[in-house]
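Please guide me through the reading of a structure, one feature at a time. For each feature, the general idea may come before the particular case.

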Amino acid sequence: MTLDAVGVGAGPFNLSLAALLAPTGFTARFFDKNAEFEWHPGLLFPEAVIQVSYLKDLVTLVDPGSQYSFLAFLRAHKRLYRFINRSQPVSRMEFNQYLQWVAGRLPNVEFGAEVLEVAIDDQQFSIRVDRRVVHTKNLVLGTGLVPNIPPWADPFVGDHVFHSNDYLLHPTDVTGKVVAVVGGGQSGAEVVSHLLLDLQHLPAQLEWISHRPNFLPLDESPFTNELFNPNYSDYFFGLTPEQRDILLAEQRLASDGISQGLLQRIYDRLYDLEFLEPAGRRVRLLPGNEVIGMQHTSAGCDLALRDRWGTSRTVRADVIVLGTGSSYALPEAMQPLADRLSWSRDGFPVRSDFSVEWDRPHDLRIYAQDAARHMRGVADPNLSLMAWRSAIIANSLLGRQVYDVGGESSVFDFDETR
């Protein structure tokens, strides 16, 4: 079988591209090894909400009339009026329902189909999908980021030491145990909040450890949100690597902080547990501490900490949850081409249409989703520019401008001479 394009993975980003390509007649197919669509199932807490507007869905910002929009999902399920009357942000569970609904309606997405190997054969990609082989000249990588497992934790990963991405996949009863959550970002905070909700199943002690100087809020101010504008992404792309690195460091809390509402809920819950409920004070907050080692003993896991002033201490825990973020990893199926690609934990060097710069023969193209933060800015791993990026890739694949991706207004006046 020969296709116009093949997508490796069908997470939200490739699902967005599939939705934009579906009405065009372009013969693309997106394969995903999972039996069905699930959006971070290990973090689908009932109380968790998305951190962006629901308008930043798969398609709306480039095709607001699409049948695959979040509003179309609400209308199809006869709850649009009820949604309008809600006062809360969209829950992660509801957004997952939307993504599952789209995945089930798209004709060009196939789940339960793992891409095992990508090679080059007769000047085209030869892609082994389970027991089939398909061919194409265009490949779109959308396998997402992989959890960061610190070297000190790697030998011990299992039922009692695991990444926050897998939290709900580990049905561990923490009642009366000591739990350490390592990481001061959004996922770590969500785990902490979830652990404190059920008064009947509280841990005996909760240790929240972060190398950051405090549990810092996400910067959601309107001017900071302009960093999630297509114009800013293009401006950032035109800077030097050194300039980009400076800005990424300065803008970290634009994408890597804890939502203000969640911080307030945790603070309020700590107050209630200590002063209004019989639980008492059983949470210890340890910002400004780096984990530098770990030992596993019969009595539990000993974490060696060092604070910013060089003082050491040891924390013993029964369960350790790693809220240590994620980074890019080359999909295993791409290993036959690894020596022809330049990539790192930041992703790939990409062109303006998100095609990868690589040692390619003739007209073979590889596109990368969620793999260009170092070239496109803090918005690249975020849902905010998902539809816009997919539209750029779709236009490039189709060889014509089907979707209007230019001329968007921004509050900032960027240097037009770059």
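**Reading enclosed and open space**

Q: How much space lies in the largest cavity?

A: A cavity is a set of points on a 1 Å grid over the protein atoms alone where a 1.4 Å probe fits but cannot get out. Grid points are joined across faces, edges and corners, and a volume is the space filled by probe spheres set on the points. In this case, the largest cavity holds about 60 Å³ of space. The model is predicted, so local features need pLDDT of at least 70 and side-chain atom pairs count only at pLDDT 80 or more, whereas totals for chains, interfaces and linings use all residues. Residues are numbered from 1 along each chain as its sequence is written, and side-chain values use heavy atoms, with hydrogens and water left out.

Q: Which residues line the largest cavity, and how do they divide by class?

A: Lining residues have an atom within 4 Å of a point. For the largest cavity they are Phe45, Glu47, Ala48, Val49, Gln186, Glu190, Ser193, Ser259, Leu262 and Arg265. Ala, Val, Leu, Ile, Met, Phe, Trp, Tyr, Cys and Pro count as nonpolar, Asp, Glu, Lys and Arg as charged, and the others, Gly among them, as polar. On that scheme the lining has four nonpolar, three polar and three charged residues. Helices (H or I, at least four residues) and strands (E, at least two) are DSSP runs numbered from the N terminus. Helix 5 and helix 9 each contribute at least two lining residues, and helix 5 gives the largest share, three residues.

Q: How many cavities of 30 Å³ or more does a search of the whole structure find?

A: The search finds two. The second largest cavity has about 40 Å³ of space and is lined by Ser233, Phe354, Arg376, Ala379, Asp380, Leu385, Trp388 and Arg389. Its lining comprises four nonpolar, one polar and three charged residues.

Q: What lines the second largest pocket?

A: A pocket is an open set of points with protein on both sides within 12 Å along at least five of seven lines. The second largest pocket contains about 440 Å³ of space. Its lining counts 19 residues, of which Ile266, Tyr267, Leu270, Tyr271 and Leu285 lie nearest the centre. Helix 9 supplies the largest share, 10 residues, and strand 12 (283-287) gives at least two. By class, the lining divides into 11 nonpolar, four polar and four charged residues.

Q: How should the length and the buried side of helix 9 be read?

A: The expected span of a helix is 1.5 Å times one less than its number of residues. The 17 residues of helix 9 (residues 260-276) should therefore span 24 Å, and the end C-alpha atoms are 23 Å apart, which agrees. Buried means under 20% relative accessible area, exposed over 50%, and partly exposed in between (1.4 Å probe, protein chains only). The buried residues of helix 9 are Leu262, Leu263, Ile266, Arg269 and Leu273. Viewed down the axis of helix 9, these fall within an arc of 125° and so line one face; the arc is that of the directions from the helix axis to the C-beta atoms. An α-helix has 3.6 residues a turn, so residues three or four places apart point the same way.

Q: Which elements do the buried residues of helix 9 pack against, and which exposed residues lie on the face turned away?

A: The buried residues pack against helix 5 (186-195) and strand 11 (205-210). The face turned away from the buried side carries the exposed residues Tyr267, Phe275 and Leu276.

Q: How many residues of helix 1 are buried, and what covers them?

A: Of the 10 residues of helix 1 (residues 12-21), 10 are buried. Their cover includes strand 1 (5-8), strand 2 (28-32), helix 4 (92-105), strand 3 (109-111), strand 7 (138-141) and helix 11 (386-398).

Q: Is glycine 323 buried or exposed, and what is it in contact with?

A: Contact means heavy atoms within 4.5 Å. Glycine 323, in the loop between strand 16 (319-322) and strand 17 (326-327), counts as buried at 10% relative accessibility. Leaving aside neighbours within four places in sequence, glycine 323 is in contact with Ser164, Val182, Gly183 and Ser187. Its C-alpha atom is separated by 6.2 Å from that of histidine 163, 160 residues apart along the chain.

Q: What is the phi of lysine 78, and where does the residue lie?

A: Lysine 78 has a positive phi near 55°, although it is a residue other than glycine. Lysine 78 is in the loop between helix 2 (70-76) and helix 3 (80-84), and is exposed at 74% relative accessible area.
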